[in-house]
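Please read them with the coordinates open.

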Amino acid sequence: IWRRMYIYRWFYVMLLPVLVFLVIFNYLPMLGLRYAFTEYKSGLQPYYSGIANFVNMFGLTELGKLKSQQFMTAFTNTLYLSIIKLILNTFMAVLISLLLNEMKNIHFKKTVQTIIYLPHFMSWVVVASLFKMILSESQVTVMDPVTGQAVVDAAGNAVISSTGVVNALLLKFGLVSKPVSFLTSLSNWRPVYFIINIWKDTGWGTILFLATLSGISPDLYEAAQIDGANRMNRMRYITLPALANTIITVFILNLAKVMNLFESVFVLYNDTVRPKADVLQTYTYRQTFGSGTPSYGYTTAVGLFRSVVSCILVLICNYASKKVRGRGIV
C-alpha cells in the first residue's frame, strides 16, 4: 500500500486541499452538535441540560407546549410543501418534456427550451421581488396625465387601480371587485408558492427527461406506426414506459432533500401566512435571530432533529433505489 501511495503521491497531494476543506467546513462544525444538549442561561456560557431541549421540542412539559406547537406546525409544513412541490415539479417536467419531444421544428424547440430554462438561473431573491411586484395588491388613484386630477367614474367616485399587473387585469375585466391578496392570504399563499416553484424549476427538470427521450430508438415508433398505433398510443406504450425508470429515480433522489426547504419560503413568506408557510429552517432562523434572547441550544436541537430525519429519508431512498435501479444512491 505504501509503495502504491508513493507511486501515485502527486494524486494524493492534489487530493489534500479538498480533504482539508472537507474537514474544516464539513466535519469540524459537527462538533457543535453538543450544544443541542446545553442551554445559555446567561447568554454567554452554555451549561449542560441533557435532553431538556428535545423534551421541550415535543411538548412533554408545560413549558415546552407552546414551542412544541410551533415546532410541529413547522415540521408538518415542511413535509407538505416539500412533497407537494416535488410531485408538481416532477409532473410538470415530464409533461413539458413530452410536449417538447413532439415538436418537429428544431429551431422553435430550442427557443422554447432556452426560455423555460432561464428562470432556474435567477436567484430566489430576484424571483421573490419580481412576483411581489406582479402580484401586488396595493392601490393607487388613477390620475389624468393632462389635467393632473383624479379620474372619476360615472358615479363621481375616483377610479382606483392596482399597482400589481395581475390585480390590475382582474379589476379591469371585472373579475374581482377588490385586489386579491396573493402573498398575504392564508388560503392563497400555498397555491401561489407552488406556481412560482413550477415556473422557476420545471424547465431545469426537463433536461433529464429530454435526455431519456432522445435515447429511445426511432425504430420502436416506426414499428408501432406501421402496426396502426396513433400518437397517443405510441406515447402510452413506448414513451411513458421508457421514462418510468427516470421518473422514479429523479423522484427518489429529490425525496431525500425534502427537509432542506428554506430560501424559497424565506423570501416569500411573512407573519400573516406563518401558520401555512413556516418550515423548520425558517422556524430555526426565527428562534435564533428573531427573538430578544436567542435560544442556541434549542435551535441546535431542532437542527439535529432535522438532520436525523434527513438521514432516515436518505437511507429509505437508498433502499428504494436499490429495489428500483439495482444500485443505491450512496
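**Notes on the predicted model**

1. Ring pairs join Phe 58, Phe 71, Phe 75 and Phe 305 into a cluster. The model is a predicted one, and the points below should be read as describing that model.

2. Phe 75, one of the cluster members, is located in helix 4. Its relative accessible area is 16%; the cut-off for buried is under 20%, so Phe 75 counts as buried.

3. What does Phe 75 touch, leaving aside its neighbours within four places in sequence? The contacts are Met 259, Leu 280, Phe 305 and Val 309. Phe 305 is also in the ring cluster. For Leu 280, the C-alpha atom is separated from that of Phe 75 by 5.7 Å, although the two residues are 205 apart along the chain.

4. The count of aromatic pairs comes to 17.

5. Tyr 80, at a relative accessible area of 39%, is partly exposed, because the class runs between the cut-offs of 20% and 50%.

6. Helix 9 (residues 218–226) and helix 10 (residues 231–255) have axes that come within 11 Å and cross at roughly 145°. The crossing of these two helices is right-handed. On the helix 9 side the contact is made by Leu 220, Tyr 221, Ala 224 and Gln 225, and on the helix 10 side by Arg 234, Ile 238 and Thr 239. Sorted by class, the contact of helix 9 with helix 10 has four nonpolar residues, two polar and one charged.

7. For the protein as a whole, there are 14 helices and four strands. Of the 330 residues, 32% are buried. The protein exposes about 20600 Å², of which carbon and sulfur atoms supply 67%.

8. Among contacts between residues at least 6 apart in sequence, 62% join residues at least 24 apart.

Terms used. Residues are numbered from 1 along each chain as its sequence is written. This is a predicted model: local features need pLDDT of at least 70, side-chain atom pairs count only at pLDDT 80 or more; totals for chains, interfaces and linings use all residues. Side-chain values use heavy atoms; hydrogens and water are left out. Buried means under 20% relative accessible area, exposed over 50%, partly exposed in between (1.4 Å probe, protein chains only). Contact means heavy atoms within 4.5 Å. Accessible areas come from the Shrake-Rupley method with a 1.4 Å probe; for residues, only the protein chains shown count as cover. Axes are lines fitted to C-alpha atoms, for helices over the stretch in contact, and angles run from 0 to 180 degrees between N-to-C directions. A crossing is left-handed if the near helix is turned anticlockwise from the far one by less than a right angle, and right-handed if clockwise. Ala, Val, Leu, Ile, Met, Phe, Trp, Tyr, Cys and Pro count as nonpolar, Asp, Glu, Lys and Arg as charged, and the others, Gly among them, as polar. Rings of Phe, Tyr and Trp (its six-membered ring) pair if their centres lie within 6.5 Å; planes under 30 degrees apart count as stacked, over 60 as edge-to-face and the rest as tilted.
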